[in-house]
Amino acid sequence: MAATCVLDECVANVMTCTAAGQTCNDPNTSPATTGDWTCDCVAPSTGSGTAMAATCTQVGETCECNAPSTGSGMQAAATCQLDECLANGMTCTASGQTCNDPDKTVIADWTCNCVAPATGTPANGGVATCTQVGECAANSMTCTAAGQSCDDPNTMANAMTCTAAGQSCDD
């Protein structure tokens with residue numbers, strides 16, 4: 001009986017497969033057949049690549065978030081994200097305030113926030129109560145009625161800067 005030669009191409013090519021998280025298989029180890037080794041996807045994925053890494057296809061269910069939320073999960077619940085300011089931001093801007101959604105994975109945490117120099121505590125799910133300063137204290141309604149914020153560059157703090165320097169502050 002004659003000796004039989006074996007050429008397992010995976011010995012030389014296994015790193016191509018393992019680097020892609022796949023297994024190497026040489027279906028015919030005869031030295032007369034070369035280039036037939038494959039990289040095979042690991043279950044539950046499917047796919048095979050001859051003499052190269054495979055393109056794997058995921059199998060199983062995919063959980064998708066319902067619009068307007070975004071996100072998906074493969075064989076698991078998705079982590080859904082929703083910027084509530086997309087739907088509720090007009091509530092804030094109509095009052096000259098900004099909308100903030102601090103955590104896109106939490107529902108009903110959006111706030112309306114005062115725009116400086118106005119101050120106030122952010123309001124969860126509605127318009128904040130803002131305290132205006134300077135001329136905005138008397139005139140901010142003109143701006144907020146148009147969905148704008150009021151800014152008085154010459155507030156009391158600015159006037160103090162002038163008087164501390166021995167100057168007068170003209171508004």
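Hi everyone, let me start with a bond: the torsion about the S-S bond of Cys 41 and Cys 56 is about -100 degrees, so this disulfide is left-handed. The two sulfur atoms sit 2.0 Å apart. Cys 41 is in the loop between E2 and E3, while Cys 56 is in the loop between E3 and strand E4 (62-64), and the pair links these distant parts of the chain across 15 residues. Cys 41 counts as buried at 11% relative accessibility, whereas Cys 56, at 33%, counts as partly exposed.

Please keep in mind that this is a predicted model.

How many disulfides does the structure hold? Seven. Another one joins Cys 85 to Cys 99, with 2.1 Å from S to S. Cys 85 lies in helix H2 (residues 85-93) and Cys 99 in strand E6 (residues 98-100), so parts 14 residues apart in sequence are tied together. Here the S-S torsion is about -85 degrees, so this disulfide is left-handed too.

Then there is Cys 63. Its sulfur is 8.7 Å from the closest cysteine sulfur, in Cys 65, which is too far for a bond. Cys 63 is partly exposed, with a relative accessible area of 30%.

Three strands form an open sheet in the order E1-E2-E3, with antiparallel pairing. Strand E1 (23-25) and strand E3 (48-50) are the edges, each pairing on one side only. Between strand E2 (residues 38-40) and E3 there are three bridges, and Asp 40 stands opposite Ser 48 in E3. Helix H1 (residues 10-18) lies across E1 and E2, running at about 150 degrees to E1.

Note on methods. Residues are numbered from 1 along each chain as its sequence is written. This is a predicted model: local features need pLDDT of at least 70, side-chain atom pairs count only at pLDDT 80 or more; totals for chains, interfaces and linings use all residues. Side-chain values use heavy atoms; hydrogens and water are left out. Two strands pair if DSSP finds at least two bridges between them. Helices (H or I, at least four residues) and strands (E, at least two) are DSSP runs, numbered from the N terminus. Contact means heavy atoms within 4.5 Å. Axes are lines fitted to C-alpha atoms, for helices over the stretch in contact, and angles run from 0 to 180 degrees between N-to-C directions. A disulfide is a pair of cysteine sulfur atoms within 2.5 Å. Buried means under 20% relative accessible area, exposed over 50%, partly exposed in between (1.4 Å probe, protein chains only).
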